[in-house]
Amino acid sequence: MHISFLIFSAYGMGGTVRTTFNLAQALAEQHEVEVVSVFRYRDKPFFEPGNGVRVRSLVDMRRRSPTYDGADPEHAQPARVFPSADGQYARHSALTDRRIGAYLAGTEADVVLGTRPGLNVHVARQTRRGPVRVGQEHLTLATHSARMKLLLSRVYPRLDAVTTVTEADARDYRKTLRLPGVRIEGLPNSVPKPQVTPSDGSGKWVVAAGRLAPAKRYDVLIRAFADVVRERPDWGLRIYGHGRERGKLRNLIDELGLYNHVFLMGSAHPIEAEWVKGSICAVTSSLESFGMTIVEAMRCGLPVVATDCPHGPGEIIRNGQDGLLAPTGDVSAISGALLRLINDDQLRVEMGRAALTASARFDPADVAARYEDLLTSLAGRPAGALRRARGTLLGGAYAARETVRLGVGHALEGARA
Amino acid sequence: MIHPSLDTAAASTPDVSSPPGRKLQRPRADCTAHSDGSLTFDVRLSDETGKKAAAPEADEHAAVLLRLRHHHGPDASLSLPLARAATDGGLRATLPATTWLREGRWDVYLARTGEPPQRLLPGIPDLRSLVGGALFDAHAWLGVRIPYTTKYGNLTIRTWVRRPHAEAGTLRIDDATIALHGTLYGAQLSPTACLEAHPRDPAAPTVRVPVRPDQEEHPGRETAPQHTPGPQHPQRGFAAVLPFNSLLPGRQVWDLWLRPSDSEDPVRLARILDDIPDKKHVFSYPSRHVASPDGTAHAVRPYYTVNNNLAVRVRYEASVKEE
């Protein structure tokens, strides 16, 4: 098969880029795979796209490039296909509409996958007849606005499949959106086997990594670690990542007098080299649409203490076997779980080994095989266009009711094709 | 149908990777710090697969070349021969624990016959043996080598050579004092040992406070050293309390030193025994507001210099607000 991913920017350093490249590379072992980046902000992608994966872009945003598109007057016109309900609406334009539309109308791919709702709308509306159309959800339905949900309920019936990164979110899609004839599958993000040998569980460090963003709730982790330090002052906490919460977290560390125990490390690349220096990973988010760092740490042999927040952690960690789950925001439950692993060397090492074994199911080869099954069965479905036409009609009828149910009036502005 | 503008866009943004005939990427080196104190460089000539590239044939003189930045001369360059590793047949060079390297930043190159040395990119580092602050008593001096990635993305080794050495540990800052714990290597603490604060402005007098022996567990460190300190590296925990008012008044930076005894030279207090090349932004301490006897408001904050030496900065409050 010829498989084409459509992504906002293949040149960034976000989770979507990383997981798309992981999947693309694994699929490229058997298939022809390209990643089409709407924007190009740098000369080279931050992450290696991987063997045999073609990367190309549609709109050149490098100011010094001879083909710089940022000054094109068309780029100053608002987008009409890319929906205003998508958070990246402001970056898109009539120019991106046209370039994406041209790519989708002319693609020779057998399968086209969009990687965020706004791009999935493009895929649903503009892909030529023939290719299988898949919309990937890397966030969650629950975090979308009512306006976005309504839009998706009207447009997604034109897709062949929607993939989510958790089963929980797939259930949400089935229950909330009612997309007749559209396959909805929970397919997790993949994480390759690290190139470092796993942690042996002897280092006295708890490690956390991610953007220093409010939803990561590093304040909760730091407060929990204050309890840990009272009992085990020989242990430390390293937090990797940058973000706008840094100043606040720095102040909290100073206020709690934890500056000898808790360290804001900045970002590290590759992060696997940092995981293996620790013995426990901590994730105390209030929301994790998947939980990439949990899998990364497990693949490095670390047991993870995580909050049981929606949606990912509970599907990745088997509580008590390869990690520990604590209620979201519960400082004493989190410190209790950390201390349980800190105070019991044998338990920590055993859980680390279990994490190493269990996390192999997130290997790109395994996840790609599940994608392959899905894509192959969709490509073989008869009369896709007819079924979709029917789905679209039904979808429209559902959407009319949804308008009332989701409490939205004028939902489709910015989404006229 | 392909839209003309798409054609243009696609043509102007060629493939990042097209397997046949692609340009060879710059070589990388996976740096591993071993528990015996040695550092190995596993050189990968291409990053495509993440696997070790086959060694170039017939280049018996291939080497990893270390060059001390901003220095010239015989001790500012070191060549480490590359050989096939017994384990996986990849190219490996070893920097033994016993090799003396000057203190500084050593840029890492790949040297091949008939080619100018090529700067190496960092691969996957494995520095976990450095985290616990383990020490190796193999030589008469204390050497630290931490591989890191420069801001331009290249591989460099940060080195320190100290003897004796005073390693700064935990710092506790209250309203009036800094309580410091540390470990002295390569010298004995005498009853006359003291902590000295040397002002950058030589007009101000040196401040001295007594030092007492002390043992304290440091977060993330081995409770017991992996290698028993030998005669060359006697080690001794110490503690000292530095009152803020001894550093007032005035705007000043104070460098902290430990003098083991009246008859010995002071030893610079630094934090170098781990895996973090630049302490300045990681080991950060709160600022305290202190008034000098005449009532002038000052802000006092300990910090690590760019060389990981411990210092205390005193500023007038007003100037703090301006910044």
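Biologist: Which residues is A:Val304 in contact with, leaving aside its neighbours within four places in sequence, and what makes two residues count as being in contact?

Modeller: Contact asks for C-beta atoms, placed from the backbone, within 7 Å. By that rule A:Val304 is in contact with A:Cys281, A:Val283, A:Ile294, A:Ala297, A:Met298, A:Ile317, A:Gly323 and A:Ala355. A word on the ground rules: this is a predicted model, where local features need pLDDT of at least 70 and side-chain atom pairs count only at pLDDT 80 or more, while totals for chains, interfaces and linings use all residues. Residues are numbered from 1 along each chain as its sequence is written, with chains lettered from A and ligands numbered from 1 in the order in which they are written.

Biologist: What makes a set of residues a nonpolar core, and which members of the largest one touch the most others?

Modeller: The members must be buried Ala, Val, Leu, Ile, Met, Phe, Trp, Tyr or Cys residues, joined through C-beta atoms within 7 Å. Buried itself is a count: 20 or more other C-beta atoms within 10 Å of the residue's own, against 12 or fewer for exposed and partly exposed in between, with C-beta atoms placed from the backbone. The largest core has 121 residues, and A:Cys281, A:Val304, A:Val305 and A:Leu338 touch the most other members. Helix α7 (residues 218-231) of chain A gives the largest share, eight residues.

Biologist: How do you know where this core lies relative to domain 1 and domain 2 of chain A?

Modeller: Domain 1 (2-190 + 366-405) and domain 2 (205-362) both contribute residues, so the core lies between them. The bounds come from an automatic or database domain assignment. Elsewhere, a second, separate core of 63 residues includes B:Leu80, B:Leu82, B:Ala93 and B:Ala187.

Biologist: Why does the radius of gyration of chain A agree with a compact globule?

Modeller: The rule is 2.2 Å times the number of residues to the power 0.38, with the radius taken over C-alpha atoms. For 417 residues a compact globule would come near 22 Å, and chain A has 22 Å, so the two agree. In chain A, 54% of residues count as buried; in chain B, 36% of the 323 residues do.

Biologist: What makes a run of residues a helix or a strand, and how many of each are in the two chains?

Modeller: Both are DSSP runs numbered from the N terminus: helices are H or I with at least four residues, strands E with at least two. Chain A has 15 helices and 13 strands, and chain B has three helices and 21 strands.
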